[in-house]
Amino acid sequence: MKKFLLTLTLVLVASGLFTAVAFAQDTTPTDDEVNAIAKQLYCPVCENTPLDVCPTEACRQWRELIRQQLAEGKTEQEIKDYFVANYGARVLSEPPRTGFNWLVYIIPPVLILVGAVVLFNAFRAWTKPKSAEAGAGMEKGAGASSSDDEYIKRLEEELKNRK
């Protein structure tokens with residue numbers, strides 16, 4: 001048993017001598033990491049085209065710039081700030097939540113709520129039973145004008161003549 005423990009200890013020590021820490025040799029960010037940031041930016045040259053799918057040479061260079069900045073250790077927010085500083089806030093896929101840009105986040109839900117209230121009231125009015133027609137239960141002379149009386153008399157006469 002002593003020989004076995006001695007051999008096991010010797011094997012463990014020898015295996016410890018031949019191991020080394022494995023470091024990643026490639027620090028270049030992957031396409032997925034680059035595209036995760038590029039899809040949050042719009043091409044400053046092409047209108048309404050996300051940077052991750054834009055086929056222009058300029059966009060390819062900007063994606064390489066993102067890759068380079070990621071390799072330097074910059075964060076996502078630092079990269080976005082760089083593009084905003086150079087090309088303006090229009091390159092962001094989501095406008096910054098400052099100033100009048102808050103209206104972009106507030107107005108659509110408010111309009112949806114107002115529309116829902118209007119539709120609710122309209123549906124409720126359409127499904128309500130109609131009340132008796134105005135004037136159907138009025139007696140002669142109880143609120144009808146003389147021109148209405150003449151019209152009714154004339155209508156009744158024409159109906160009698162048709163028979």
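Modeller: With contacts. Two residues are in contact when heavy atoms lie within 4.5 Å. Keep in mind that this model is predicted.

Biologist: Which residues does Leu51 touch, not counting residues up to four places away in sequence?

Modeller: Leu51 touches Ala38, Leu41, Tyr42, Cys43, Cys59, Trp62, Arg63, Ile66 and Phe83.

Biologist: What is the general idea behind a nonpolar core?

Modeller: In soluble globular proteins, nonpolar side chains tend to be buried together. Here, the largest nonpolar core has 15 residues. Leu41, Leu51, Cys59, Trp62, Ile66 and Phe83 touch the most other members.

Biologist: Which elements give two or more residues to this core?

Modeller: They are α2 (31-38), α3 (57-71) and α4 (76-87). The largest share, four residues, comes from α3.

Biologist: How many aromatic pairs does the structure hold?

Modeller: Four. Planes over 60 degrees apart count as edge-to-face. The planes of Trp62 and Tyr87 are at 70°, so this pair is edge-to-face, with ring centres 5.3 Å apart. The pair links distant parts of the chain: Trp62 sits in helix α3 and Tyr87 in helix α4, 25 residues apart.

Biologist: Is Trp62 buried or exposed?

Modeller: Buried means under 20% relative accessible area. Trp62 has 11%, so it counts as buried. Tyr87 has 27%, so it counts as partly exposed.

Biologist: What about Tyr82 and Phe83?

Modeller: They form another edge-to-face pair, 5.6 Å centre to centre, with 85° between the planes. Tyr82 is partly exposed at 32%, while Phe83 is buried at 1%. Ring pairs link Trp62, Tyr82, Phe83 and Tyr87 into a cluster.

Conventions: Residues numbered from 1 in each chain as written. Predicted model: local features only at pLDDT ≥ 70, side-chain atom pairs only at ≥ 80, totals over all residues. Heavy atoms only, no water. Core = buried A, V, L, I, M, F, W, Y, C linked by side-chain atoms within 4.5 Å. Buried < 20%, exposed > 50% of the residue type's maximum accessible area, 1.4 Å probe, protein only. Phe/Tyr/Trp six-rings, centres within 6.5 Å; stacked < 30°, edge-to-face > 60°.
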